[in-house]
Amino acid sequence: MDNVSNKNETSRTGSRFVASFSGGKDSTLAIYRAIQEGMIPQELLTTYNLDREMSWFHGIPKEILQAVADEINIPLSVMYTKGDEYTANFELKLKEAKEKGASYCVFGDIDLEGHRKWCTERCEAAGLTAYFPLWNESRKKIVYEFLDLGFKTFLNVIDSNKLSEDFAGKVLSRDLVDEIEAYGADVCGENGEYHTFVFDGPLFAKPVSFVTSEKILVGNKIVIPINHPSI
């Protein structure tokens with residue numbers, strides 16, 4: 001595909017990118033790798049669920065997302081949307097990013113072909129090139145690299161059909177990765193077993209301050225609510 005960038009290309013240095021940013025570990029690591037390649041981050045694009053007033057999938061409120069953006073010094077662009085408008089609004093945001101100078105959109109997807117196809121099609125519609133820095137790498141290698149770099153994250157959403165709710169709220173570590181694997185779940189949570197919130201690491205000027213409250217059940221999801229300390 002013309003609008004997909006392969007990892008072995010060397011022409012991306014100096015290219016501006018918008019990052020599809022969930023607040024979780026994989027999108028954060030993808031951004032880190034892109035920057036290490038010499039790419040220039042233009043903005044973080046986060047999709048925000050108007051019905052639930054938090055980010056899609058990872059359930060992070062906008063005040064915390066803004067705090068993350070401030071600490072990693074990359075402007076935040078929030079796409080406020082409902083489900084039936086998601087695709088059209090995502091393409092619109094990508095077009096706006098292109099008009100500001102971006103030529104790539106960076107994604108944290110690892111090996112789910114359906115995700116790659118959707119992301120690539122959105123980029124093609126906006127005239128951007130989709131870039132997947134983690135594509136087709138070992139899931140365990142990826143999560144270990146993330147931890148060994150010094151990033152810190154915790155499991156704020158658990159799919160109770162795939163992983164015990166006892167994992168909710170735990171800070172990710174090599175030992176916890178091994179526990180997740182022993183439980184029979186994917187170590188990266190790539191199949192939705194869990195989602196994470198990254199609050200510190202080599203991209204951060206200082207850790208993001210936040211508070212949590214008691215876990216809640218949303219369908220089959222166990223969610224640890226995250227809030228800004230001032231709220």
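The protein chain has six helices and 13 strands. Helices (H or I, at least four residues) and strands (E, at least two) are DSSP runs, numbered from the N terminus. Before going on, the ground rules. This is a predicted model, so local features need pLDDT of at least 70 and side-chain atom pairs count only at pLDDT 80 or more, while totals for chains, interfaces and linings use all residues. Residues are numbered from 1 along each chain as its sequence is written, and side-chain values use heavy atoms, with hydrogens and water left out.

Overall dimensions next. The C-alpha atoms of the protein chain fill a box of roughly 45 × 35 × 35 Å along the principal axes. The radius of gyration is 17 Å, which agrees with the value near 17 Å for a compact globule of 231 residues. That radius is taken over C-alpha atoms, and the globule rule is 2.2 Å times the number of residues to the power 0.38.

Now burial. Of the 231 residues in the protein chain, 54% are buried. Buried means under 20% relative accessible area, exposed means over 50%, and partly exposed is in between (1.4 Å probe, protein chains only). The accessible surface of the protein chain is about 10300 Å², and carbon and sulfur atoms hold 48% of that. Those areas come from the Shrake-Rupley method with a 1.4 Å probe; for residues, only the protein chains shown count as cover.

Contacts and charges. Take the contacts in the protein chain between residues at least 6 apart in sequence: 72% of them join residues at least 24 apart. Contact means heavy atoms within 4.5 Å. The chain carries 25 positive and 35 negative charges, and their mean positions are 2 Å apart. Lys and Arg count as positive, Asp and Glu as negative; His and the chain ends are not counted. Each charge is placed at NZ of Lys, CZ of Arg, CG of Asp or CD of Glu.

On to helix H6, residues 174-183. Which residues of H6 are buried? They are Leu176, Val177 and Ile180. They cover an arc of only 105° around the axis, so they sit on the same side of H6. The arc is that of the directions from the helix axis to the C-beta atoms. On the other side of H6, Asp175 and Ala182 are exposed. What do the buried residues of H6 pack against? The partners are helix H5 (139-148), strand E8 (152-159) and strand E9 (194-200). After H6 comes Gly184, with a positive phi near 100°.

Let's turn to H5. Its buried residues are Arg139, Ile142, Val143, Tyr144, Phe146 and Leu147. The cover over them includes H1, E8, H6 and E9. H5 is followed by Gly150, and again phi is positive, near 105°.

Helix H1 spans residues 25-36 and holds Arg33. Is Arg33 buried or exposed? It counts as buried, because its relative accessibility is 14%. Leaving aside neighbours within four places in sequence, Arg33 contacts Pro133, Leu134, Glu137, Lys141 and Glu145.

Some backbone angles. Most residues other than glycine have a negative phi. Asn73 is not a glycine, yet its phi is positive, about 60°. Asn73 lies in the loop between helix H2 (62-72) and strand E5 (76-81). Asn73 counts as exposed, at 68% relative accessibility. Asn136 is not a glycine either, and its phi is positive, about 65°. Asn136 sits in the loop between strand E7 (129-131) and H5. Asn136 is exposed, with a relative accessible area of 58%.

Last, some distances. Tyr80 is in strand E5 and is partly exposed, at 42% relative accessible area. Asn49 is in strand E3, residues 40-49, and is buried, at 8%. Asn49 and Tyr80 are 31 residues apart in sequence and 6.3 Å apart in space, C-alpha to C-alpha. Tyr80 and Ala130 are 50 residues apart along the chain, and their C-alpha atoms are separated by 22 Å.

One more residue: Lys206, in the loop between E9 and strand E10 (211-212). Which residues does Lys206 touch, not counting those up to four places away in sequence? Glu71 and Asp200. Lys206 and Asp70 are 136 residues apart in sequence and 9.8 Å apart in space, C-alpha to C-alpha.
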